[in-house]
Amino acid sequence: MNPRPADIARWWQFSPSGQVVVDGKGYTVLVNHTLSDWLGFPSGQLVNRLASELFTCESRMVYQGVLAYRVADVGSVSEVHLSLSLSNGDTLPVLCSARRLGDQKDPQILISMQPIVRKDQLERELLEARQAAQTALEEKEAVITELESMRTTLKSHNEELQRLTMRLGHEAKSDPLTGLPNRRHLDVALKELLSRAEGFLSEGFSMALLDIDHFKPVNDEYGHAVGDQVLQQLAKLLSSKLRGRDFAARIGGEEFALLMPKTAIDEASNALERLRQAIEAYHWQPVPITVSLGVTSYLPEDTSETLLARADRALYTAKREGRNRLVNG
């Protein structure tokens with residue numbers, strides 16, 4: 001349904017913005033109720049007056065020099081700051097936009113005004129919205145920074161946990177005094193060799209037990225600190241004298257086990273005899289050290305228990321026959 005002219009006129013009268021129509025000579029033709037309410041004058045008193053008189057003295061020069069001039073020149077102007085002169089002596093800053101209506105022979109100008117207070121409010125709201133957005137962005141960046149810091153910390157903790165896990169794993173399989181593999185590690189390595197020996201490749205191997213001769217008197221006479229030094233030095237000798245594929249472990253106080261993969265009994269005996277001689281020739285302080293060894297090789301259907309028992313019997317024989325010797329079992 002098309003609006004009636006009377007409705008359009010009524011809507012214009014109560015527009016949210018002040019409206020005034022000015023003729024070609026600069027006199028007001030129409031003033032809506034909104035503007036007359038701002039000014040504090042009835043609409044009838046505002047018609048047929050120079051439109052410039054609606055404004056303060058300071059604003060009249062801007063009205064004539066900017067608003068009226070721009071409309072006459074290009075037909076429109078936007079957002080000119082002026083101040084209305086109110087009936088109570090106050091002023092009301094307004095933002096004026098104007099457009100020329102009709103033809104140049106009988107021009108009329110429609111001026112629309114919006115209080116700058118409202119504009120200031122909109123600007124403040126816009127500024128507040130921008131500040132809120134900036135705050136939200138800063139908070140987001142702070143959260144991202146915190147998350148990145150947490151990620152770095154978590155990564156560091158994970159790396160430390162991995163190092164700790166590796167260290168604990170190493171300690172679980174190592175003798176803390178000598179650094180050699182311990183009995184648990186020996187059991188795992190021995191089972192692996194047995195599995196290979198029983199498999200398709202049938203890889204044989206040899207095993208030896210080594211015990212320090214007369215070690216208890218060393219501890220009793222010189223103290224456990226000297227005894228620990230002897231154990232540590234012997235571990236270094238074992239590591240340096242054995243072949244790269246051989247495996248040495250400390251399995252008791254002064255007892256060590258040696259695994260020699262892919263090594264028959266004769267080859268193992270020769271290598272172990274050289275090791276015994278190197279230990280005997282070492283310049284021990286404060287007392288000479290010798291060792292007894294019992295060696296055996298894998299036999300079909302051997303288990304960890306049978307191998308250890310056979311090597312242990314050979315070691316016992318070496319001690320019974322006078323120590324500082326190697327016996328095959």
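Reader: What makes β6 and β8 paired strands?

Author: This is a predicted model, and in it β6 and β8 are joined by 7 bridges. Pairing takes at least two bridges, so β6 and β8 count as paired, and they run antiparallel. One of the bridges links Ser206 to Met260 in β8.

Reader: Which helix packs on the sheet there, touching β6, β7 and β8?

Author: That's helix α6, residues 183-198. The direction of α6 makes about 25° with that of β8.

Reader: How do you know that β9 pairs with β6 and with β10?

Author: Count the bridges again. Strand β6 (residues 205-212) and β9 share 7 bridges in the antiparallel sense, with Met207 opposite Thr296 in β9. Between β9 and β10 (residues 326-328) there are 3 bridges, and those two strands run parallel. The cut-off is at least two bridges, so both pairs qualify. Gly294, for instance, has Val327 in β10 as its bridge partner.

Reader: How does the chain get from β9 to β10, and what is the hand of the crossover?

Author: The chain goes through helix α10, residues 304-320, and this β-α-β crossover is left-handed. Helix α10 lies across β6, β8, β9 and β10, at about 145° to β9.

Reader: Why are β7 and β10 called edge strands?

Author: Start with the order, which is β7-β8-β6-β9-β10 in an open sheet of 5 strands with mixed pairing. β7 and β10 each have a single partner strand, so one side of each has no neighbour in the sheet. On average, neighbouring strands here are turned by 20° against each other, direction ignored.

Reader: What makes β9 "mostly covered"?

Author: Buried means under 20% relative accessible area, and 7 of the 7 residues in β9 (residues 291-297) are buried. Both faces are covered: Val291, Leu293, Val295 and Ser297 are buried on one side, and Ser292, Gly294 and Thr296 on the other.

Reader: How close is the span of α8 to the expected one?

Author: Helix α8 (residues 224-241) has 18 residues and reaches 25 Å from first C-alpha to last, close to the 26 Å expected at 1.5 Å a residue. Its buried residues include Val226, Val230, Leu234 and Leu238. Residues three or four places apart in an α-helix point the same way, because there are 3.6 residues a turn. Among the elements covering the buried residues of α8 are β6, α7, β8 and α9.

Reader: Why is Val74 called partly exposed?

Author: Val74 has 44% relative accessibility. Buried is under 20% and exposed is over 50%, so Val74 falls in between and counts as partly exposed. Val74 belongs to helix α4, residues 57-74.

Reader: Where is the cis peptide bond, and what is its omega?

Author: The cis bond joins Gln285 and Pro286, with omega about 10°. Pro286 is in the loop between α9 and β9.

Notes: Residues are numbered from 1 along each chain as its sequence is written. This is a predicted model: local features need pLDDT of at least 70, side-chain atom pairs count only at pLDDT 80 or more; totals for chains, interfaces and linings use all residues. Side-chain values use heavy atoms; hydrogens and water are left out. Helices (H or I, at least four residues) and strands (E, at least two) are DSSP runs, numbered from the N terminus. Buried means under 20% relative accessible area, exposed over 50%, partly exposed in between (1.4 Å probe, protein chains only). A crossover is right-handed if, with the strands pointing away from the viewer, the path from the first strand over the helix to the second runs clockwise. The expected span of a helix is 1.5 Å times one less than its number of residues. Contact means heavy atoms within 4.5 Å. Axes are lines fitted to C-alpha atoms, for helices over the stretch in contact, and angles run from 0 to 180 degrees between N-to-C directions.
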